[in-house]
Amino acid sequence: MECWKFGFQIKSLSNMIKKKIDVLNRDSELTGFQGFLLRYLIMESSQRDVFQRDVEKRMEISRSSVTSVLQLMEKNGFIGREPVDYDARLKKIVVTDKGLAADQHQIEIFDKIEEILCNGIPEEDLQTFHRVLNQMKHNIDPDYTGGRPEFCHLECNSEEKIKE
């Protein structure tokens with residue numbers, strides 16, 4: 001099997017997942033990516049202040065793309081930005097009550113997608129797939145540390161079972 005075909009397959013699967021999330025999310029004001037971002041912000045901000053540069057790094061997208069998404073989410077009332085007392089130049093991203101309310105729906109959508117994706121696949125195969133994906137990410141970026149469960153809610157079983 002030639003490895004160069006995996007990139008196309010992964011991109012194709014990513015597109016299919018995006019389309020399915022968009023269908024399941026059609027009654028929401030959030031796009032699928034905004035839902036992922038909201039989940040990340042809620043999980044990460046429970047432990048520390050989160051800034052735009054953190055989103056850029058973790059989501060692996062450009063500054064201008066993050067700026068656009070955050071501005072739209074702020075305009076729609078899902079997030080806000082607040083100054084921090086230790087650096088006047090920085091504004092942390094905070095999830096609003098509206099964002100917290102929307103999060104439960106996003107969790108349900110992500111759980112449904114995971115259920116669809118993993119249907120009929122043995123746990124051992126899923127563990128192998130997880131390790132292979134992380135190795136591929138590391139092959140692309142040797143500094144990749146991955147494997148953190150930002151997009152899982154606290155009841156996420158698959159991340160707890162998989163040991164890296």
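Tutor: In helix 3, which spans residues 52–59, the buried residues are Gln 52, Asp 54, Val 55, Glu 56 and Met 59, where buried means under 20% relative accessible area, exposed over 50% and partly exposed in between, with a 1.4 Å probe and protein chains only. Helices (H or I, at least four residues) and strands (E, at least two) are DSSP runs numbered from the N terminus. This is a predicted model, in which local features need pLDDT of at least 70 and side-chain atom pairs count only at pLDDT 80 or more, while totals for chains, interfaces and linings use all residues. Residues are numbered from 1 along each chain as its sequence is written, and side-chain values use heavy atoms, with hydrogens and water left out.

The buried residues of helix 3 pack against helix 2 (32–45), helix 4 (63–75), strand 1 and strand 2, a contact meaning heavy atoms within 4.5 Å. Of these partners, strand 1 (residues 79–84) and strand 2 (residues 87–95) run antiparallel and are joined by six bridges, strands being paired if DSSP finds at least two bridges between them. The two strands form a hairpin with two residues between them, and Val 84 stands opposite Asp 87 in strand 2.

Just after helix 3 comes Glu 60, which lies in the loop between helix 3 and helix 4. Although Glu 60 is not a glycine, its phi is positive, at about 55 degrees, and the residue is exposed, with a relative accessible area of 59%.

As for the whole, the protein chain has seven helices and two strands, in the order α-α-α-α-β-β-α-α-α along the sequence, and buried residues make up 32% of its 164 residues.
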